[in-house]
Amino acid sequence: MSKVCKSVELYAENYAKKYAEEVAKESFNNGRIKAITDFLSNGGTKADAKKMLNASAKEIKEAASRLIK
């Protein structure tokens, strides 16, 4: 019984750690997109966003699509 409990406990810990990492990564990415969106909405160009914010083409595309909505 204790082996089963320990296995379930380890599984839960690993799942929680993985979930926390995914949430942190998503939050970071959303923050970057928000910064790029703000930059573009204040007159910054896509080329400047790429250069100054080290933004990827994918991030710029996502930010630009949020401006259109």
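The legends below describe close-up views of one predicted model, in which residues are numbered from 1 along each chain as its sequence is written. Because this is a predicted model, local features need pLDDT of at least 70 and side-chain atom pairs count only at pLDDT 80 or more, while totals for chains, interfaces and linings use all residues, and side-chain values use heavy atoms, with hydrogens and water left out.

**View 1. Confidence along the protein chain.**
The protein chain averages a pLDDT of 92, and 99% of the residues score at least 70; pLDDT is the predictor's confidence in each residue, on a scale from 0 to 100. Within the chain, confidence is lowest in α3, with a mean of 92, and highest in α2, at 95. These labels refer to DSSP runs numbered from the N terminus, where a helix is a run of H or I of at least four residues and a strand is a run of E of at least two.

**View 2. Helix α1 from end to end.**
Helix α1 covers residues 2–41, which makes 40 residues, and it reaches 58 Å from its first C-alpha to its last, close to the 58 Å expected at 1.5 Å a residue; the expected span is 1.5 Å times one less than the number of residues in the helix. After α1 comes Gly43, whose phi is positive, near 95°.

**View 3. The buried residues of α1.**
Ile33, Ile36, Thr37 and Leu40 are buried in α1, where buried means under 20% relative accessible area, exposed means over 50%, and partly exposed lies in between (1.4 Å probe, protein chains only). What covers the buried residues of α1 includes α2 (46–52) and α3 (57–68). An α-helix has 3.6 residues a turn, so residues three or four places apart point the same way.

**View 4. The surroundings of Thr37.**
Thr37 belongs to helix α1, and it counts as buried because its relative accessible area is 12%. When its neighbours within four places in sequence are left aside, Thr37 is in contact with Ala63, Arg66 and Leu67, contact being defined as heavy atoms within 4.5 Å.

A search of the whole structure finds three salt bridges, each defined as a side-chain nitrogen of Lys or Arg within 4 Å of a carboxyl oxygen of Asp or Glu. In one of them Arg32 pairs with Glu59, and the closest N and O atoms are 2.8 Å apart. This pair links distant parts of the chain, since Arg32 is in helix α1 and Glu59 is in helix α3, 27 residues apart. Arg32 counts as partly exposed, at 22% relative accessibility, whereas Glu59, at 15%, counts as buried.

**View 5. Salt bridges within single helices.**
The side chains of Asp38 and Lys34 meet in a salt bridge, 3.0 Å from N to O, and both residues lie in helix α1, four residues apart, which is about one turn of the helix. Asp38 is partly exposed, with a relative accessible area of 31%, and Lys34 is also partly exposed, at 48%. In helix α3, Arg66 and Glu62 are likewise four residues apart and thus separated by about one helical turn, and they form a salt bridge whose closest N and O atoms are 3.1 Å apart. Arg66 is partly exposed at 34%, and Glu62 is partly exposed at 33%.

**View 6. Ala57 in helix α3.**
Ala57 has its place in helix α3 and counts as exposed because its relative accessible area is 61%. Ala57 and Ala47 are ten residues apart in sequence, and their C-alpha atoms are 9.6 Å apart in space.
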